[in-house]
Amino acid sequence: SLDDGRFPVKRIVGDQVLVQADILADGHDRVAAAVLWRVAGQRQWRQVAMRHLGNDRWCGEFPLERLGRHEFTVEAWRDDFATARMDLEKRLAAGNLSRVDLDEVLHLVRATADASGNDALATLADALEATDDPQARSALLLAPDTANAMARHDRRPFLARCTTVYPVEAERLAAGFSSWYELFPRSQAMPNADGVQPHGTFHDVIARLPAIRDMGFDVLYMPPIHPIGRSNRKGRNNSVTAEPGEPGSPYAIGAVEGGHDAVHPELGTLDDFRQLVSAAASHGLELALDFAIQCSPDHPWLRDHPDWFAWRADGSIRYAENPPKKYEDIVNVDFYASGSIPGLWTALRDVVAFWVNEGVRLFRVDNPHTKPFPFWEWMIGDIRATHPDVVFLSEAFTRPKLMYRLAKVGYSQSYTYFTWRNRKAELIEYMTELADGAPSEFFRPHFFVNTPDINPVFLHDSGRAGHLVRAALATTLSGLWGMYSGFELCEATPLKAGKEDYLDSEKYQLRAWDWDRPGNIVAEITRLNLLRRLNPALQTHLGVRFYNAANDNVLYFGKRRGSHDDIVLVAINLDPFNVQETDFELPLWEFGLPDHGALQVEDLWRGTRTTWQGKQQRVRLDPAELPFAIWRVGPGRTENGQAPEAAR
């Protein structure tokens, strides 16, 4: 449960939800319990019996068979027949079973049969009454079939139900496992014969789809595609004044051509966008759009709905700031202005609904932590009530509790601090918090290795090796990862030394890219995405275990999807400049093997197989060649499908 049922825990459709509860009663009588569950909105509960784990802890599980909100609770009761059966067994073992003891249990069977109207129980009661043989009666009363029948038709005395109904959100697989590729559509055109870079269109993006698909990505994410304002338009490298012909920032949304439900004319028409949606689907790609609520001063809303904004005493409007950054080309709506509720709230909901109706099911939301939590809870809930396959990604680089609250109110995924976690200790600490702590029930980390706003300092001078290190970390630690185009080309030139802004950022200008630039890591990214698809253990951040490796520059961990599956082991050299070697422990204990045991090993990168003997192993990772290693280890299989130890 999350905040005692205030918010839903998150799961993927097809998952089994395991419910545990402490259930106890006074006295020595046995109790029984059940998990009640249903799809939200249904009247009838379904139920599954819970089993006793010991020390008054009970558990049961139910399946998530469809998308959307589910709910569950627990009920328990005194199990009179189980108590009577227990006492009967004790008396029989002690040799002091009397006729009246048998009669009391028989009467319980008859009363249950009469109350339930069950013919099988009535027949059983008749058979018990027809014999005076204590052994025959005992055998019938202690038979498993009798216990099962009595449990099915139990009158459930002293029935008690938990007063809280706990919600569970069942989302589609892409909410927990997907690989995102981000690009600016306006930079996808090829330079003309004169070397001039034309403005890209949706059709230019369509031409790029095969390359994106071939790298193994399943989501294509584009920054805002709406008309760009002309007032205070930003120029190259975020200069305050744009030169004639400069395109401006796509985050300055709104112009005479329209607002959030319109398409920037230079990209094409709405029909062109529909062709892109269809073409992407034919390549196995899904489109994700940016939902950025800010407006250009030219946005139609300022003219038509001035009461959605906060105006200053002199009649002007304050432009957006995120100190030290200033956004003179953007103004923000005021969610609590005089006319904003419900007008602005419903208008924003309708914007999302518009693009949902155009076939978009993935939305990356810009800076959601600067907008009201009640708005997100209402809007996301409203959209998902009719389209439960819609997924929202939170772009909130802020304090942890704010990020977690956004996940609680409805966000399926979130950007994270991964971008700034480079050392072994901090990576282990952060992953442990996400995978083993309370956030594991509701917070799905999306590991972007870079963004148009974040050119990590780690990448500035680490070259190809540094990009491979970060790609390996993102693709193996989390089920969700993404990259902004240019990363595969190892592009990391900063605007200024030590700053995270890109030089000649696409946020403010068109860029021409050589997608075959020498030194690129396209092949490696393709291979990493393939390994994620082939190995379910790499499709989630959950289940990660960090094992001992003697070198602090080598991160070493394992991931396992099921308790009996092989383990995927990963070793990553966090130092992009130097060869690192280390002794590491092979987790033989995970398979019940002694320290001198052996495991079969498949090198997933090279496709080779071998056997490792003993707990201590050694690896050498050269960043000039490949700064990581990925293995799948297990006990191997015999001809009958058993592990060797089990077969012996």
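The paragraphs that follow treat the pockets, then the cavities, then the helix pair.

The coordinates are those of a predicted model. In this model the largest pocket holds about 1300 Å³ of space. Its lining is made up of 44 residues, and those nearest the centre of the pocket are Asn322, Lys325, Tyr327, Asn367 and Asp453. S14 provides the largest share, with four residues. By class, the lining of the largest pocket contains 19 nonpolar, 10 polar and 15 charged residues.

The second largest pocket has a volume of about 790 Å³. It is lined by 26 residues, of which Arg11, Asp15, Ser440, Thr540 and Leu542 are the closest to its centre. Strand S1 (9-12) and strand S2 (16-22) each contribute at least two residues to the lining of this pocket, and the largest share, three residues, belongs to S1. Here the lining divides into 10 nonpolar, nine polar and seven charged residues.

Attention now turns to the cavities. The model has three cavities of 30 Å³ or more.

In the lining of the second largest cavity, five residues are nonpolar, four are polar and four are charged.

How closely do the axes of helix H14 and helix H15 come, and at what angle do they cross? The axes of H14 (residues 463-477) and H15 (residues 522-534) come within 11 Å and cross at roughly 10 degrees. Because angles under 35 degrees count as roughly parallel, H14 is roughly parallel to H15. The crossing of H14 past H15 is right-handed. On the H14 side, the contact is formed by Arg464, Leu468, Ala471, Ala472, Ala474 and Thr475, which meet Glu524, Leu528 and Arg532 of H15. The residues of this contact comprise five nonpolar, one polar and three charged.

Definitions and conventions. Residues numbered from 1 in each chain as written. Predicted model: local features only at pLDDT ≥ 70, side-chain atom pairs only at ≥ 80, totals over all residues. Heavy atoms only, no water. 1 Å grid on protein atoms, 1.4 Å probe; cavity = no way out; pocket = protein on both sides within 12 Å on 5 of 7 lines; lining within 4 Å. Points joined across faces, edges and corners; volume = space filled by probe spheres on them. Nonpolar A, V, L, I, M, F, W, Y, C, P; charged D, E, K, R; others polar. Axes fitted to C-alpha atoms, helices over the stretch in contact; angles between N-to-C directions. Parallel < 35°, antiparallel > 145°, perpendicular 65-115°, else oblique. Left-handed = near helix turned anticlockwise from the far one by under 90°. Contact = heavy atoms within 4.5 Å.
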